[in-house]
Amino acid sequence: MQHYKSHFKDKVVYCNCDDPRISNFFNYFASNFKELGLKKLIASCYREQVRDLFNTKEDENGFYFEYTGTEGEKKKPSSTDIIYFKGDGDFRNSESIELLKKSDIVVTNPPFSLFREHVSQLVKHDKKFLIIGNINAITYQEIFKLIKENKAWLGINLGRGISGFIVPEHYELYGTEARIDDSGNRIISPNNCLWLTNLDTSKRHENIALTKRYFGNENEYPK
Ligand SMILES: C[S@@+](CC[C@H](N)C(=O)[O-])C[C@H]1O[C@@H](n2cnc3c(N)ncnc32)[C@H](O)[C@@H]1O
């Protein structure tokens, strides 16, 4: 996130696949709200519809939380701060789209199975975004087209260069991609993720160190 700081000033950031009580994206933006100069932070949480005898209405409805930085040190929402959706909080629902329209930049780690739909919704609503996807996403027809047309690009760092995902206790840690950080978080850095964004980065403006010119060396490159 540190590479995009200048983009967030006076902006409304929306994490649309994020439970504000546990999402580290929400945590990052709430904790750095003033430093980044954010206008507002919204996080919305999807509730998978699991129907059984013991379900309550609250189990079924998605919810969202709007943070404006005036909440003082209290960065995590309590149950009274949360606003329930009428529906399940799917990012494709009209209720979530209303929040999207009020936002400037979407930052999240969407479900990879819905990655295409997630990106096409952002493009349709002309939003800035910084999202995590599977590395194979660049080969998807819809995503490659955006890259080719210079409407989206890879963010800084990919694969193990992404700091990793906190996993639950029961998740087995093995190999070089697993570690426990100073706070005791169990972290996996898989080598199959990337950032997709349309926020400009300094990296995009660095010259590539080239070794030879085509002109004057045409014979070496007959095709
Ligand atoms: C890969 S997880 C990332 C969670 C969160 N962004 C984070 O980094 O902690 C994807 C999240 O998307 C949620 N999700 C699944 N389907 C969704 C949908 N249709 N609309 C919105 N969120 C969805 C899941 O419940 C899950 O929390």
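Analyst: Happy to; below we go from the overall layout to single residues.

User: Great. What should I know before we start?

Analyst: This is a predicted model, where local features need pLDDT of at least 70, side-chain atom pairs count only at pLDDT 80 or more, and totals for chains, interfaces and linings use all residues. Residues are numbered from 1 along each chain as its sequence is written.

User: How many helices and strands does the protein have?

Analyst: The secondary structure comes to 6 helices and 11 strands. Helices (H or I, at least four residues) and strands (E, at least two) are DSSP runs, numbered from the N terminus. Along its principal axes, the C-alpha trace spans about 75 × 40 × 35 Å.

User: And what share of the residues counts as buried?

Analyst: Of the 223 residues, 26% count as buried. A residue is buried if 20 or more other C-beta atoms lie within 10 Å of its own, exposed if 12 or fewer, and partly exposed in between, with C-beta atoms placed from the backbone.

User: Which domains are assigned?

Analyst: The assignment gives domain 1 (1–108) and domain 2 (132–204); such bounds come from an automatic or database domain assignment. Their centres, taken over C-alpha atoms, are separated by 21 Å. Domain 1 and domain 2 each put 4 residues into the contact, where two residues are in contact if their C-beta atoms, placed from the backbone, lie within 7 Å. On the side of domain 1 that touches domain 2, there are 1 nonpolar, 3 polar and no charged residues. For those classes, Ala, Val, Leu, Ile, Met, Phe, Trp, Tyr, Cys and Pro count as nonpolar, Asp, Glu, Lys and Arg as charged, and the others, Gly among them, as polar.

User: Switching topic: which residues surround the ligand?

Analyst: Among them are Cys17, Asp18, Ser23, Asn24, Phe25, Tyr46, Asp90 and Thr108. A residue counts as near a molecule if its C-beta atom, placed from the backbone, lies within 6 Å of it. By class, the shell has 6 nonpolar, 4 polar and 2 charged residues.

User: Phe25 is in that shell. Which residues of helix H1 are buried?

Analyst: In H1 (residues 24–31), they are Phe25, Phe26, Phe29 and Ala30. Those buried residues fall within an arc of 125° seen down the axis, so they line one face of H1. The arc is that of the directions from the helix axis to the C-beta atoms. They pack against E1, helix H2 (33–36), strand E2 (40–45), strand E3 (63–67) and E5.

User: What about H5, which residues are buried there?

Analyst: In H5 (residues 115–124), Phe115, His118, Val119, Gln121 and Leu122 are buried. They cover an arc of only 160° around the axis, which puts them on the same side of H5. Their cover includes strand E5 (105–108), strand E6 (128–134), helix H6 (141–148) and strand E11 (193–197). Just after H5, aspartate 126 takes a positive phi of about 55°.

User: E11 came up there. How many of its residues are buried?

Analyst: 5 of its 5 residues are buried. Cys193, Trp195 and Thr197 sit on one side of E11, with Leu194 and Leu196 on the other.

User: Which strands pair with it?

Analyst: E6 pairs with E11 in the antiparallel sense over 5 bridges, and strand E7 (residues 153–158) runs antiparallel to E11 with 3 bridges. Two strands pair if DSSP finds at least two bridges between them. Leucine 196 is the bridge partner of isoleucine 131, and leucine 154 stands opposite leucine 196 too.

User: Is tryptophan 195 buried or exposed?

Analyst: Tryptophan 195 is buried, because 24 other C-beta atoms lie within 10 Å. Leaving aside neighbours within four places in sequence, its contacts include Leu130, Ile132, Leu154 and Gly155.

User: And how does histidine 7 sit, buried or partly exposed?

Analyst: Histidine 7 is partly exposed, with 18 other C-beta atoms within 10 Å. Histidine 7 lies in the segment before strand E1 (12–15) and, beyond neighbours within four places in sequence, is in contact with Ile105 and Leu199.

User: Last one: what is the strand order in the open sheet of 3 strands?

Analyst: The order is E8-E10-E9, with antiparallel pairing. Strand E8 (165–166) and strand E9 (178–180) stand at the edges with a single partner strand each, so one side of each is left without a neighbour in the sheet.
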